[in-house]
Every structure is written in structure tokens, then in C-alpha cells.
Amino acid sequence: MAVPDYVPPLIITCIWGFIGIICPFFARGPNKGVTQCCLMLTATTCWLFWLCCYMTQLNPLIGPKLSMNEIMIMAREWGNEIKDTMDVVV
């Protein structure tokens, strides 16, 4: 059974949401405001960094640079042997 596409972002968002929204209410000590601010900023920036990395992997702009020899070897090993090099678009 495959995991739906929306599950990983939802789980990570819930984790960082908990850290940034719920955890600041449990801050104690003389620097309570600073601790709350640090927790909220940390959660926000970590979540945003994760989101950028996750979304970048969904549609990469740069792919691997392969030589014709490497393409032919991969095709042969994967069972899609290319008979004519005109079938390869580089």
C-alpha cells in the first residue's frame, strides 16, 4: 500500500507546528519571551528550509549529465537495450 503524496508534508508540518505553536506555552524562566521567540523562529525557519528542499526535489531543474556510453550501459542493464543510437535523445 503506497503512502499518499500529501502525508509527508502534513507530518512534517504538524511536527514543526507543534514545536512553534504549542512548545512556546511551556517556556519558563526569566527569559520566557526570548525562549518563546527562539522556539517560534526556529520552527518557522526549519520548516521553511525543509519545504524548499522538499519542493525542489519534486521537479528538479538539473539532471545528471550522462555520456552516450553510460546511457547505453544503463539501457542494457535495465532491460531496455537500444538497438539504434537514433533512439537516444541527449
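The unreviewed UniProt entry lists residues 6-27 and 39-58 under "transmembrane region"; UniProt positions are in the numbering used here, feature names are shortened, and annotations may be inferred rather than shown by experiment. What you see is a predicted model, where local features need pLDDT of at least 70, side-chain atom pairs count only at pLDDT 80 or more, and totals for chains, interfaces and linings use all residues. Residues are numbered from 1 along each chain as its sequence is written, and side-chain values use heavy atoms, with hydrogens and water left out.

Residues 6-27 are 73% helix and 0% strand, with end C-alpha atoms 32 Å apart. Residues 39-58 are 100% helix and 0% strand, and there the end C-alpha atoms are 29 Å apart. Helices (H or I, at least four residues) and strands (E, at least two) are DSSP runs, numbered from the N terminus.

Now the loop between α1 (7-22) and α2 (32-58), where Phe25 lies. Phe25 is exposed, at 61% relative accessible area; exposed is over 50%, buried under 20%, partly exposed in between (1.4 Å probe, protein chains only). Phe25 belongs to a nonpolar surface patch with Phe18, Ile21, Ile22 and Phe26, about 580 Å² of accessible area together.

On to the cysteines. How many disulfides are there? The count is zero, a disulfide being a pair of cysteine sulfur atoms within 2.5 Å. For Cys14, the closest cysteine sulfur is in Cys23, 13 Å away, so too far for a bond. For Cys23 it is in Cys46, also 13 Å away and too far. Cys14 is partly exposed at 48% relative accessibility, and Cys23 is partly exposed at 22%.

Conventions:
Patch = residues over 30% accessible without salt bridge, like charges linked within 9 Å, V, L, I, M, F, W, Y side chains within 5 Å. Areas by Shrake-Rupley, 256 points an atom, 1.4 Å probe, with all protein chains shown as cover. Salt bridge = Lys/Arg side-chain N within 4 Å of Asp/Glu carboxyl O.
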